[in-house]
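Me: I've just loaded this one and would like to go through it slowly. Can you help me read it?

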Amino acid sequence: MVKINGELLDKDGKTVSEMLADMEISGQRVAVELNEEIVPKAKYDETVLKDGDHVEVVRFVGGG
Amino acid sequence: MIPTKEEMYAALEERHGKELQKKLNDASVAVCGLGGLGSNIAVALARAGVGRLHILDFDKVDISNLNRQQYFAEQLGMSKTDALYDTLKRIAPYCDIRKDCIKLNEDNIPELLADADIIVEAFDKAEQKAMLVNCVLENMPEKYLVSGSGMAGIAPSNMITTKRVTKRFYICGDGVSDVEDGMGLVSSRVLICAGHQAHAVIRIIAGEFDI
């Protein structure tokens with residue numbers, strides 16, 4: 001199980017890109033932290049989540 | 001009659017204490033985007049006596065900005081960097097202010113923001129926010145970063161919070177109120193988010209990292 005924004009979800013073996021697609025989130029409007037480290041955008045397709053990982057998906061919305 | 005540098009510093013010390021004022025005076029903060037968030041954040045930091053401010057924006061002051069941004073009607077058409085520079089100098093004449101009228105991108109961010117201890121993301125568009133945050137986190141891991149996301153409309157004040165995502169990355173806002181969903185930006189709520197961001201910066205400068 002992977003902890004995503006505090007919630008345990010069955011995303012083991014999925015890439016960051018696949019996780020975002022499951023969450024229906026655009027990769028252009030997020031920052032993703034995996035175990036306290038930023039995941040570079042260029043690595044979303046190849047970074048695979050594994051059991052015990054902690055993921056923070058920060059979503060940006062417009063306005064400022 | 002403008003007070004002397006020493007008089008202004010003494011007035012700040014009296015309110016904030018010697019130790020904190022020294023930290024504020026020694027700090028260098030870059031504010032990226034000078035709209036409703038950035039212009040208000042920069043004003044708060046200048047008033048607090050932050051020693052070095054770097055303000056960056058590519059845009060001009062527009063009539064649609066006056067409902068929430070720290071500009072004056074007679075400044076319409078001026079670049080935001082020039083207009084805000086003038087205002088900040090009226091508040092804090094001895095603050096070391098650098099201004100860059102430029103659009104930030106992944107290529108120029110690392111060099112432009114190299115001198116800042118703390119970087120404030122205060123853009124308007126979600127994609128630009130994400131671009132700056134990712135660029136700083138990927139390329140400048142030693143920087144503190146304070147971002148804002150979700151402050152449109154008139155939803156309750158208390159939805160707006162400060163979160164510490166990782167050790168050096170903070171995000172303020174409600175995370176959901178998107179300007180694209182209809183309701184525009186309202187001065188009071190934008191100010192709340194700007195206040196959260198400015199206060200996160202001041203706490204980082206003070207060495208208080210909890211939220």
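Predicted model: local features only at pLDDT ≥ 70, side-chain atom pairs only at ≥ 80, totals over all residues.

Me: Which strands of chain A does α6(B) lie across?
Reply: Helix α6(B) lies across β3 and β4 of chain A, and its direction is at about 30 degrees to that of β3(A). Angles run from 0 to 180 degrees between N-to-C directions, with axes fitted to C-alpha atoms and, for helices, only over the stretch in contact. Helices (H or I, at least four residues) and strands (E, at least two) are DSSP runs numbered from the N terminus.

Me: OK, how many residues does each chain bring to the contact?
Reply: Chain A brings 17 residues and chain B brings 31, where two residues are in contact if their C-beta atoms, placed from the backbone, lie within 7 Å. On the side of chain A that touches chain B, β3 (30-34) and β5 (54-59) each supply at least two residues.

Me: And what classes of residue are on that side of chain A?
Reply: There are seven nonpolar, four polar and six charged residues on it. Here Ala, Val, Leu, Ile, Met, Phe, Trp, Tyr, Cys and Pro count as nonpolar, Asp, Glu, Lys and Arg as charged, and the others, Gly among them, as polar.

Me: What order do the strands of the chain A sheet take?
Reply: The five strands form an open sheet in the order β2-β1-β5-β3-β4, with mixed pairing, and two strands count as paired if DSSP finds at least two bridges between them. The edge strands are β2 and β4 of chain A, each pairing on one side only. Further in, β1(A) and β5(A) run parallel and are joined by two bridges, with Lys3(A) standing opposite His54(A) in β5(A).

Me: What about Asn5(A), is it buried or exposed?
Reply: Asn5(A) counts as exposed because it has 12 C-beta neighbours inside 10 Å; the cut-offs are 20 or more other C-beta atoms within 10 Å for buried, 12 or fewer for exposed, and partly exposed in between, with C-beta atoms placed from the backbone. Asn5(A) sits in the loop between β1 (2-4) and β2 (7-9) of chain A, and its phi is near 50 degrees, a positive value in a residue other than glycine.

Me: Switching to chain B: what is the strand order there?
Reply: Seven strands make an open sheet in the order β3-β2-β1-β4-β5-β7-β6, again with mixed pairing. β3 (96-101) and β6 (161-166) of chain B are the edge strands, and the twist averages 15 degrees from one strand to the next.

Me: Which helices pack on that sheet?
Reply: Among them is α4 (residues 80-91) of chain B, which touches β2 (52-57) and β3 and makes about 165 degrees with the direction of β3(B). Helix α6 (residues 126-139) of chain B touches β1 (28-32), β4 (118-121), β5 (144-148) and β7, and makes about 165 degrees with the direction of β5(B).

Me: How do β6(B) and β7(B) pair?
Reply: They pair in the antiparallel sense over five bridges, and Lys163(B) stands opposite Ile171(B) in β7(B). By contrast, β1(B) and β2(B) run parallel, also with five bridges, and five of the six residues of β2(B) are buried.

Me: Which residues touch the most other members of the largest nonpolar core?
Reply: In that core of 77 residues, they are Val29(B), Val31(B), Leu45(B), Val120(B) and Val201(B). Helix α7 (residues 187-206) of chain B gives the most to the core, with 11 residues. A nonpolar core is a set of buried Ala, Val, Leu, Ile, Met, Phe, Trp, Tyr and Cys residues joined through C-beta atoms within 7 Å.

Me: Where is Ser147(B), and what does it touch?
Reply: Ser147(B) is in strand β5 of chain B, and it is buried because 29 other C-beta atoms lie within 10 Å. Not counting residues up to four places away in sequence, Ser147(B) touches Glu121(B), Lys129(B), Val133(B) and Ile171(B).

Definitions and conventions: Residues numbered from 1 in each chain as written. Chains lettered and ligands numbered in written order.
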